[in-house]
Each structure stands twice: as C-alpha cells, then as structure tokens.
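Please look over the notes below with the model open.

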Amino acid sequence: MRDITLDYSNVLDFISQLEMARLEETVNLYHRMLHNGTGAGSDFLGWLDLPNSYDQEEFERVKAAAEDIRKKAGVFLVVGIGGSYLGARAAIEMLGHCFYNEVPGDKRRGPKIYFVGQNVSSLYINSLLEVIEGQDICVNVISKSGTTTEPALVFRILKEYMDNKYGRVEAGKRIYATTDKSKGALRLLSEQEGYETFVVPDNIGGRYSVLTSVGLLPMAVAGIDLNEVMRGAQVAAKDLGVSSLNDNMCYQYAALRNILYDKGKTIEVLVNYESSLFYLGEWFKQLFGESEGKDGKGIFPASLNFTTDLHSMGQYIQDGRRNLFETVINIESSHNDIVIKKIKGDMDGLNYLEGKTISFVNKKAMEGTIAAHVEGGVPNLIINVPDIAAYYFGYLVYFFEKACAMSGYLLGVNPFNQPGVEAYKKNMFKLLGKPKGE
Ligand SMILES: O=P(O)(O)OC[C@H]1O[C@](O)(CO)[C@@H](O)[C@@H]1O
C-alpha cells in the first residue's frame, strides 16, 4: 500500500524552519505525556492503543450483527448525534456509492441507511417515516451517555413505530443499542427490552469513538471491510507512534497548525475535491472544534467542498480577511474516469480538453486553486491520500485523532473534555421545564 503523506511546502513562505525546530522539544514532551497518560484528560486515551487492543469478541459480534441486519433489513436507521454518528456517516459516504441509497439493491452493499436523531426537526423525522413506510427496518441507537436529548427523543418515536410494526419481541430483535457498558437510560432500556448491545468504552470520548462499535456497526452494515479499516488504523498507530517531530507527520501537522494560529491564522478550512468526503469534513469539525475550542482559544475548524464552493466561498478565501489556512485532502487515484470527447461545432468551447479526463481537470483545478490561494496569503497544507479505500479511512481517522490530541496540548487546552456544550442544554432544559435533578 502506498503511504498517506503530508506536504507542507506551501506553508514555508509563511513560517520559518526555526519556528518548527523550536517546537521539537515540546512535541517530544507532550508525546511522552500522551503515551504515559500524564496529561490533561488522560482518562480518555482509550483511542490511542485501540487499533491494537480492541475487543475482538465485540468486533466479531459487530460483524455478525451487521450480517444479520443486511439479511433482514431493507432500511437501517442510525440514531445518534455528534460523535455518535459523524464518523460512521463519514466512512459510509466516503467509501460507498455516491448515491448509496438510490442505487438498486444488487449494486448497493447493504440496506438503505438513514441517519436520524441529529436534530430536533419534526419535518425531518416525519419525512423519514414517510420514506421508510412499508420496508423492513433495523435500528441502531447510539448514545454513549444514553441520555442525549436529540437521539433519545427520536428513539422514543422510533421505538413506538417498531413496536407497532413488529410487536415488542420482534422489534427487540431488530433494535441494536450502542452505549455505556453499565449506566445511562439507554443501557437500562436495552436490558429491559432485550436489545443486543455494543459498548462505548469508558475511556473513549464520543468524537474519538469512530473505530469502536459506534462507527463499526453502521460501517459493516454498509459492507465496509472492518478488517481493512482497523488495519489502516494499526499501521497509523505504528507510523505515528514515534516521538520525533521530524519523523511523525501528525505531529508536524499539529505543530504547523499551532504556528499558523499564533500568526493570526485562526480558521482552518479542510478542503476536499471529492463530494464523497463531505462528511469527513463534518467529522473533522467536531473532532477539532470540541477538542480545541475552549478557554477562549482554538482554531475554528471549517470545511469546504471544491470546486463547488469555489463558486460561493472562493472569493472570500482568495481575497477576504487573511485569517485562514487550508488543509487539502488530495485523493491521488481516480476511479471510473470519464474521457472528454470532441464535439462537432465546439459550441461550448471545450474541445481543447479532448482526450483528457474529468479527474485530470479536477487535479488541475486543485493545483491552480492551491497556487492562487497561497499567492493570496492562504497557507496550504496537503494530505495526500493514495486512494479511497477502507484502509486509508482507518489511517486518516487515527492521523487526525492523534494530531488533534497533540495540537490541543500545544495550544494549552485539555483536548478530551467539552464543558462548553452544556450551556445550551441547561438553557433548553430550563425552557422545557425539565424537573431538577433528572
Ligand atoms: O453519545 P452521546 O452521549 O449521545 O453524545 C453525543 C454527542 O454529544 C456530545 O456529548 C455533546 O453534547 C458530544 O461530545 C457527543 O459526541
């Protein structure tokens, strides 16, 4: 397998090698802190060695459950919010067919998959209920705490729907819960209803949980090869397990982010040129936003989809406030490429592209954009990913998770807590009249 690589040549006009070198010692120190579990948030380091120490029995159970779901469901509903759905959605959208739910069943690798519980919209919920009517359904409700309002509320509706459709016993065989091993309302309910359950380990926070059953069950239902995902993560854990800044590209990425941040580049835009990476961007935003945005600090993580967004946000990136840097996910290979043909009359003026491919045009768009943005004052990092494959997804997840941990420590925050998300909940509960102590 070819390697994922980090190219930061387009940042060197904005920083000096000395600034990187100055961080060597600190990175080394934080590496030891991370691996010895002596830093802030060290109760949540379960993801660090997960690719090598995951629960094999549960892993096999996930695969078996997925097989079962694939046999009996035409529709699979994934109920969760934030870290409890974004990773799985990122994987399924990246690795599956671009129109996954629309392709006929024999071309799709599993049931149709819908995500719900990530909002409080009756329009969305009702529309979903309309779409799934008359089809065989399985549900995976995912909540580490087991008490998050959005998925809990939706699950209440879906449970009633499933109980009415199948009867409580059969519904119980079609509902799978991924939650804490012993506590929370969802754990209790699952035991009461006899749902098969999977565990979110205590020492892994939601946004770091994609390689646990949280992400793995939906991925397996979509036909993604879990062994390949974990193999990618394992290789990443080995490659990125070294302490030296010179040899560890996720530490280089973390260091560069912080150097740029200190120079006023307070917004990072994760850019893709493949629409199937849209949800990877959403997952990335939660990982970095929740990990670093605290104590009045933090890079604001954004994501854009090029060339689409070049026609909406391109102006700002090129010419607006110079507080941005970009990280481009460059997928090196191309599949199902389309060769551009000559047409009579050349009415659209595109005959000059005869014999070239759509991917070639996409690559030239990328190269041209990077050059323009760098010239316009936007430092540019490139993460080269050889191919769209389960192995590389696993590798990328681990790369970003570890980079995020290091980046948070360099920034001087605890990258594993999220105290800020409680504020809206407190207000909402007050406005909803939630009884105190519940
Ligand atoms: O899995 P849970 O406990 O429902 O949490 C979902 C998401 O909500 C948060 O706790 C924020 O409220 C995230 O950290 C988490 O990924």
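1. E290 counts as buried because 24 C-beta neighbours lie inside 10 Å. The cut-offs: buried means 20 or more other C-beta atoms within 10 Å of the residue's own, exposed means 12 or fewer, and partly exposed falls in between, with C-beta atoms placed from the backbone. This is a predicted model, in which local features need pLDDT of at least 70 and side-chain atom pairs count only at pLDDT 80 or more, while totals for chains, interfaces and linings use all residues. Residues are numbered from 1 along each chain as its sequence is written.

2. E290 sits in helix α13 (residues 278-292). Helices (H or I, at least four residues) and strands (E, at least two) are DSSP runs, numbered from the N terminus. Beyond its neighbours within four places in sequence, E290 is in contact with R207 and Q418. Contact means C-beta atoms, placed from the backbone, within 7 Å.

3. K425 belongs to helix α17 (residues 422-432). K425 counts as exposed, because it has 12 C-beta neighbours inside 10 Å.

4. UniProt lists E290 and K425 under "active site", in an unreviewed entry. UniProt positions follow the numbering used here, feature names are shortened, and annotations may be inferred rather than shown by experiment.

5. Strand β4 (residues 137-143) is largely enclosed by the rest of the structure, because 7 of its 7 residues are buried. Both faces are covered: I137, V139, V141 and S143 on one side, C138, N140 and I142 on the other.

6. β4 pairs with strand β2 (residues 75-79) in the parallel sense, over 5 bridges. Pairing requires at least two DSSP bridges between two strands. F76 stands opposite C138 in β4. Strand β5 (residues 175-179) also runs parallel to β4, joined by 5 bridges. Here V141 stands opposite A177 in β5.

Notes: Two residues are in contact if their C-beta atoms, placed from the backbone, lie within 7 Å.
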